[in-house]
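This report looks at side-chain contacts in one protein chain. Please keep the sequence and the 3D view open while reading.

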Amino acid sequence: QWCFKGHCIWKTSEQPYSQDGSWSSWSKFGSCSRTCGGGVRSRSRSCDNPPPAYGGRQCPGATYEYQVCNAEECPGPYEDFRAQQCSKRNSYYTHQNSKHSWLPYEHHDDAQKCELICQSEGTGDVVFMNQVVHDGTRCSYRDPYSICVRGECVHVGCDKEVGSLKQDDKCGVCGGDNSHCRTVKGTLAKISKQAAGALKMFEIPAGARHLQIEEMEPASHSIAIKNQATGNFILNAKGKEAKSQVFIEMGLEWEYTIEHGKESLKTSGPLHEAISVLVIPQEEEEMKSSLMYRYIIHEDLLPMIGNNNVLLEEMDSYEWALKSWSQCSKACGGGIQYTKYGCRRKSDNRMVHRNFCDNGKKPKPIRRRCNLQECSQPLWVAEEWGACSRSCGKLGVQVRVVQCVQRLQNGSSRGLHTKYCPGQRPETRRPCSRVPCPAQWRTGAWSECSVSCGEGIQQRQVVCKGSENGGSCEGDKPEAVQGCHMDICPGKLSGITSSTNAGDHSSPKGQQVPQDGAKNPVSKISSREPCLGDKSIFCQMEVLARYCSIPGYNKLCCESCSKKVTSTTDSSLPTAPGAPPGTNTPGPTSPAWGGPAGDPTLLPQPGGIPSSGCHYSLQGNPPDVLGESNKLCEC
């Protein structure tokens, strides 16, 4: 058996085997998510050509494909795209019943890098805005290229290609070797006699990376940073308290610390605009400040070097070195192998990524012959047959692995393409256990109950299947008909003590007298179809005769029910042992309960009136399908 559309069915030779899914063609790329500053566009495909079916595998690979688009910088001063999305909520988004000035916030969890999370400038509260960032937003301020798409981070290399592993060198050359990088270091000390105001110390140009600014000795003043393009302070504007913090400004993450009275500031960059470094006095007195700074920059962006700047050459230099020999092109019979070169750092002779070395200076490879021994004749090697897939029937098969193998002189072997082995390939599949399966009883699902209330029946198909030589099934045949109990029908009495229905007749002693119409409930059922005989052998069971009052059962067992009508009309009930003459006892086919719905009508007596010497009472629930244990006779 196997599962099909949510059902367990028997697998036959007409049903197809599993079908693996296959991709449709790619759609066209959509529009770019941004007009400048680096957006993204996507295209998609569907796994429906054909779709996977009958347990087949899903299509391998991704449903969507992305491309970076409009990567050129936006005109004007640099604007952080994530910061724009937060600031747009300043005018309408309320938190704790008030509006805030919202700043961008990067969550430490990688799974939430593409969530729009903002921080209140006034209170410092971090708030999830319950949506993902716009497509094309950078995933992290530590990664200048990877972007968010559909709420997930997509890796992008420095060449603006999705999935690329290319990286910038220290000064921003994509795939560079640091040969164009320059390190600028300076120390500056100034004394100010002004009573108030900020003292400008120096400027750091745009394009600077790995920036560090440190205070040489403790002082009462504070370091302040101003964006030259906008004129806005990004750190320690006048009137604000200086405290250690990690903050986001100018599209970069900055780390500002105060330790033992000395301040330091650093960022990985690159700076999109030049900044001015100032010191702001805290007291009205003579101020002396001494700052050290250091950054790396591309030689084309190098500013004029003043007296206080020192241009440092990069200490690390690299060279190409022999790394290993390539694998021999042949395992025997004479092959060729080549030298493989790697990039080595001279300072410690450690192998590093090849991008650090100049590709134009890479030596030409040297080749040599290898594996000169003669080759042996390839031959077929067959493994043992596996177990049979079936124990009987017409579908049993056995499989085995057959390979074309060549033995080597060192005792090992290698697999070859089948075209190299002589002769016909031995069989990999063969039939097995093709004997008829023994007959088995197979049952279908039970039908719904024949009534919506009261007692009814359920049917199912029972067949002896699987025997190809006419054999019979072993064991007893499973039941094909069973009773079912639904809720009591509305208006029916639940016990003999309930009040009688309107229209019931009572004797002077309180005994219930059945109406004339209740003498034979089967006779009320009319069928437009002629009776063609019983449709189940279970119709002959006397214990099921009570269901003849149900139209569905009467139609199924029309012959047995018609005989029952005749027998109940023409013959009187038997006399119970020990009962007075003239007292009738209900037979097994005439239950004390009048119908399957639980109508508590008493068994009709000859002449329509119960015997004066004996009456029937019912205790507890109505009898079940096979039992009559709840029926008592009191005389």
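A residue is called buried if its relative accessible area is under 20%, exposed if the value is over 50%, and partly exposed in between. The model discussed here is a predicted one.

**Aromatic rings**

By that cut-off, both Tyr547 and Tyr553 are buried. The number of aromatic pairs in the model is six. One of them joins Tyr547 and Tyr553 in an edge-to-face arrangement, with 5.9 Å from centre to centre and 65° between the planes. Elsewhere, ring pairs connect Phe202, Tyr293 and Tyr295 into a cluster.

Aromatic rings also meet charged side chains. Arg34 sits over the face of Phe81, 3.7 Å from the ring centre. Arg41 is placed over the face of Phe29, at 5.0 Å from the ring centre.

**Disulfides**

A disulfide is a covalent bond between the sulfur atoms of two cysteines. The count for this model is 20 disulfides. Three of these links are described below.

Are the two cysteines buried or partly exposed? Cys158 has 8% relative accessibility and therefore counts as buried. Cys174 has 31% and therefore counts as partly exposed.

Another disulfide joins Cys328 to Cys370, again with a stated S to S distance of 1.9 Å. Cys328 lies in the loop between S24 and strand S25 (335-345), and Cys370 lies in strand S27 (residues 367-370), so the pair ties together parts that are 42 residues apart in sequence. The torsion about the S-S bond of Cys328 and Cys370 is about 95°, so the link is right-handed. Cys328 and Cys370 are both buried.

Cys388 and Cys432 also form a disulfide, and their sulfur atoms are 2.0 Å apart. This pair links distant parts of the chain, 44 residues apart: Cys388 is in the loop between strand S28 (379-382) and strand S29 (397-399), while Cys432 is in the loop between strand S32 (429-431) and strand S33 (440-443). With 90° about the S-S bond, the link of Cys388 and Cys432 is right-handed. Cys388 is partly exposed because its relative accessibility is 25%. Cys432 counts as buried because its value is 10%.

**Salt bridges**

How many salt bridges does the count come to? The count comes to eight salt bridges. The table lists some of them.

| Residues | Distance, N to O |
|---|---|
| Arg57 and Asp20 | 2.9 Å |
| Arg43 and Glu65 | 2.6 Å |
| Arg142 and Glu253 | 3.2 Å |

In the salt bridge of Arg57 and Asp20, the side chains meet at 2.9 Å, N to O. Arg57 lies in the loop between strand S3 (39-44) and strand S4 (64-69), and Asp20 lies in the loop between strand S2 (7-9) and S3, so the pair ties together parts that are 37 residues apart in sequence. Arg57 is exposed, because its relative accessible area is 60%. Asp20 has 33% relative accessibility and so counts as partly exposed.

Arg43 and Glu65 meet in a salt bridge at 2.6 Å, N to O. This pair links distant parts of the chain: Arg43 is in strand S3 and Glu65 is in strand S4, 22 residues apart. Arg43 is partly exposed, at 21% relative accessibility, and Glu65 is partly exposed at 29%.

For Arg142 and Glu253, the salt bridge spans 3.2 Å, N to O. Arg142 lies in the loop between strand S10 (138-140) and strand S11 (143-149), and Glu253 lies in strand S19 (residues 252-259), so the pair ties together parts that are 111 residues apart in sequence. Arg142 is exposed, with a relative accessible area of 55%, whereas Glu253 is partly exposed, at 21%. Arg142 and Glu253 also belong to a network of salt bridges with Glu106 and Lys113.

**A nonpolar surface patch**

Leu322, Trp325 and Ile366 form a nonpolar patch on the surface, and together they have about 290 Å² of accessible area. Trp325 lies in strand S24, which covers residues 318-325. With a relative accessible area of 30%, Trp325 is partly exposed.

Definitions and conventions
Residues numbered from 1 in each chain as written. Predicted model: local features only at pLDDT ≥ 70, side-chain atom pairs only at ≥ 80, totals over all residues. Heavy atoms only, no water. Patch = residues over 30% accessible without salt bridge, like charges linked within 9 Å, V, L, I, M, F, W, Y side chains within 5 Å. Areas by Shrake-Rupley, 256 points an atom, 1.4 Å probe, with all protein chains shown as cover. Salt bridge = Lys/Arg side-chain N within 4 Å of Asp/Glu carboxyl O. Helix = DSSP H or I, 4+ residues; strand = E, 2+ residues; numbered from the N terminus. Buried < 20%, exposed > 50% of the residue type's maximum accessible area, 1.4 Å probe, protein only. Disulfide = S-S within 2.5 Å. Phe/Tyr/Trp six-rings, centres within 6.5 Å; stacked < 30°, edge-to-face > 60°. Lys NZ or Arg CZ within 6 Å of the ring centre and 35° of its normal.
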